[in-house]
Amino acid sequence: MNKGTLIIGGGVIGLAIGWKLLLRGEPVTLLEKGDTGREASWAAAGMLAPVGEVHFQEDQNLRLGMESMRRYPAFVEALESDAGMKVDYRREGGLSVSLHPDDTAELRHRFEYQQALELPVRWLRGGEAQEMEPALSPNVVAAVYSPDDHQVDNRKLVEALKAAFLKAGGALHEQTPVERLVLHENGAPSVLAGNREWRHQRLLLTAGSWSGMIPGLDGALRPWVRPVKGQILAIQAGPETLRHNIRTPDVYIVPRLDGRLIVGATVEEMGFDRTLTVGGIFELVRGAWRAIPAVYEMPLAETWCGFRPGSRDNAPIIGETEIPAFFIATGHYRNGILNTPVTAEVMSEIMLGGQPPEFLAPFSPLRFTE
Ligand SMILES: Cc1cc2nc3c(=O)[nH]c(=O)nc-3n(C[C@H](O)[C@H](O)[C@H](O)COP(=O)(O)OP(=O)(O)OC[C@H]3O[C@@H](n4cnc5c(N)ncnc54)[C@H](O)[C@@H]3O)c2cc1C
């Protein structure tokens, strides 16, 4: 038995928990089936928008998201300092816009809900929204400004997490898919990967959409996670085209510091199908053009897709399992970049014997087995 923790899966979640564990003095080994950070964590838009994305009846998710937002500035500061690189964390805020009178009623309805939850939001008339973002379509009817919705360049975030993980002494094995978990009467499960068995004091599963596919965990022990496909694209605009995240009923648009506008994303239940479709890309381009007409003349820079890890109730699965010394952090669905700091900080504490905070209770892996 080796000392420390073995982690399966090197997306933002596995890397961030690994980095935080290392900072607490825990030896960490991470096994990644391909290159680290190239799945959902690479594909995302990087919006950190618990307020703008608030959904009715999802108060627990909102609480988790707000908890993560509170931790984001310090998390980024420590990461940038450890990794020696920037992750382009931007705090200009978000605008949810309606481009048609029919959409305005829905926007108003959500605004009243946000107000009832005492979230920081401000109602803007179309003209006021255009003053804030001159590139917005003259058709904008109204908007809700949420100053606390931020963004981060998620590709830089995974690169920085990898650098910080390695600098803190983490052992990283890429191109090493875990083929099976082996349960033992005492202690954490071991795993089979790269023609050998790895057995450590603690095991953490952070394999994103693949978390339920590794043989060895059967029945109720298996985390039920499915891939939810998202097609997404980037438009090469000028650096000053937009400053805020823009959300319309059809798309969201996230402006990067290098001038790229990230336009996302489809939500499709298609299994692990990586096809980019004309229809999917068309809907995104049309949605972006309706909000920001000037994109019509701009170069299309990139198109790609990724798989959001969605659990049975679409809420994350974070915490200790029924199996001794075996932990899970997956199912972050549409908010994994947002929920990285809270997941990493809380999990690294729990894994080394700390008590889970009360706000984590709804996300326990045990909710599917009890
Ligand atoms: C199009 C799109 C847009 C999104 N936009 C946002 C957004 O704006 N804001 C936000 O907060 N979230 C967003 N998300 C969601 C976010 O990307 C995810 O919730 C988050 O990246 C999940 O991180 P992860 O580390 O759990 O998964 P992943 O990044 O998928 O990492 C899992 C890793 O495990 C590895 N792995 C799998 N199986 C094995 C195995 N058997 N052995 C070893 N390694 C294995 C994989 O190769 C992968 O590297 C978006 C997602 C998509 C697809």
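Modeller: Strand β13 (residues 225-236) and strand β16 (residues 260-264) pair in the antiparallel sense over 5 bridges; helices (H or I, at least four residues) and strands (E, at least two) are DSSP runs, numbered from the N terminus, and two strands pair if DSSP finds at least two bridges between them. Within this pairing, leucine 233 stands opposite valine 263 of β16. The model is predicted, with local features needing pLDDT of at least 70 and side-chain atom pairs counting only at pLDDT 80 or more, whereas totals for chains, interfaces and linings use all residues. Residues are numbered from 1 along each chain as its sequence is written, and side-chain values use heavy atoms, with hydrogens and water left out.

Both strands belong to an open sheet of 8 strands with mixed pairing, in the order β5-β6-β4-β14-β15-β16-β13-β17. At its edges stand β5 (122-125) and β17 (300-311), each of which pairs on one side only. On average, neighbouring strands of the sheet are turned by 25° against each other, direction ignored; axes are lines fitted to C-alpha atoms, for helices over the stretch in contact, and angles run from 0 to 180 degrees between N-to-C directions.

Helix α7 (residues 278-291) packs on this sheet. The helix touches β13, β15 (252-255), β16 and β17, where contact means heavy atoms within 4.5 Å. The direction of α7 makes about 50° with that of β13.
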